[in-house]
Amino acid sequence: MSGFFSAFSWVNMRFLMMGLGVTIQVAVVSIVLSFIIGSVLGVIRYVKIPYFSQIVGFIIDLIRNLPLLLIIFFTYFALPKVGIHFGVVTSTIFALTIFESAMLAEIIRSGILAVPKGQLEGALSNGLNFKQALWHIILPQAYKKMIPPIVSQFVSLIKDTSLATIIMLPEVTYRAQIVYAQEPSAIISMFCALAVIYFILNFIISKIGDLLDRRMTA
């Protein structure tokens, strides 16, 4: 047991917290970008622009059916072959954003479709054009319905940052691997530390989502 607790030394914990900072940085940037891009793609699919919406839909379906790890590999190892070079952090953010945007696009499209058609018809009959009706009437109602699945997707994104250990992103999981590689007796301690860290992060995100859901549906 002494070996278990000795792994939680100040040096090791500080090392893990530095990795946690990278995890949070990557997750926050990816969440913001994927939410914006996913919203745009979801609206494009909803409005059914001839040919363009179908092409976007095909790309979204393609990305959604690919493993995230493959997208990370492609971003970090394949793109440099055609002259596009990203660092480890940028590659991870790029891959996560692409993958999560596709996931969120379908959630947002479904949320918009869940709004009764009478809401759009009523807005149009009151003098709003389609863009105004979509922005002021449809999307606000749709986002209220989408809070739980969107939050769930963000929780998945935070956990998915650990996949970037494969390209040596210095996030918390990668740093835990370094610790127990140097101290084999610390492997259980590091796994427990990771479990606690990810639980706290995702619990906070879930509670924020619950709070937003209650406020917006009140």
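Mentor: Buried means under 20% relative accessible area. Keep that cut-off in hand, and remember that this model is predicted.

Trainee: Is G42 buried or exposed?

Mentor: G42 has a relative accessible area of 0%, so G42 is buried. The residue sits in helix α2.

Trainee: Which residues is G42 in contact with, beyond its neighbours within four places in sequence?

Mentor: A105, I108 and R109. Take A105: 63 residues separate it from G42 along the chain, yet the two C-alpha atoms are 4.1 Å apart.

Trainee: Now the other class. How should I read F191, with its 45% relative accessibility?

Mentor: Exposed needs over 50%, and partly exposed lies between the two cut-offs. F191 is at 45%, so it counts as partly exposed. Its place is in helix α9.

Trainee: A176 belongs to α8. Which residues of α8 are buried?

Mentor: V172, T173, R175, A176 and V179. Look down the axis of α8: the buried residues fall within an arc of 160 degrees, so they line one face of the helix. A181 and Q182, on the other side of α8, are exposed.

Trainee: What caps the N-terminal end of α8?

Mentor: E171 does. One of its side-chain oxygens is 3.1 Å from the backbone nitrogen of T173.

Trainee: On to cores. What is the general idea?

Mentor: In soluble globular proteins, nonpolar side chains tend to be buried together. In this model, the largest nonpolar core has 34 residues. I112 and M190 touch the most other members. Helices α2, α5, α6, α7, α8 and α9 each supply at least two residues of this core. The largest share comes from α7, with ten residues. Apart from this core lies another, of 19 residues, including I44, I63, L96 and I167.

Trainee: Which residues is M190 in contact with, leaving aside neighbours within four places in sequence?

Mentor: A7, M13, L16, A176, V179 and Y180. Two of these names, A176 and V179, are also on the list of buried residues in α8.

Trainee: Which residues does the UniProt annotation "transmembrane region" cover?

Mentor: The unreviewed entry gives residues 20-43, 55-78, 84-105 and 186-205. Check such spans against the model. Residues 20-43 are 100% helix and 0% strand, with end C-alpha atoms 34 Å apart. Residues 55-78 are 88% helix and 0% strand, and their end C-alpha atoms lie 23 Å apart.

Notes. Residues numbered from 1 in each chain as written. Predicted model: local features only at pLDDT ≥ 70, side-chain atom pairs only at ≥ 80, totals over all residues. Heavy atoms only, no water. UniProt positions renumbered as here; feature names shortened; annotations may be inferred. Helix = DSSP H or I, 4+ residues; strand = E, 2+ residues; numbered from the N terminus. Core = buried A, V, L, I, M, F, W, Y, C linked by side-chain atoms within 4.5 Å. Buried < 20%, exposed > 50% of the residue type's maximum accessible area, 1.4 Å probe, protein only. Contact = heavy atoms within 4.5 Å. Arc of directions from axis to C-beta. Polar contact = N/O pair within 3.5 Å; in protein donor to acceptor, adjacent residues only side chain to side chain.
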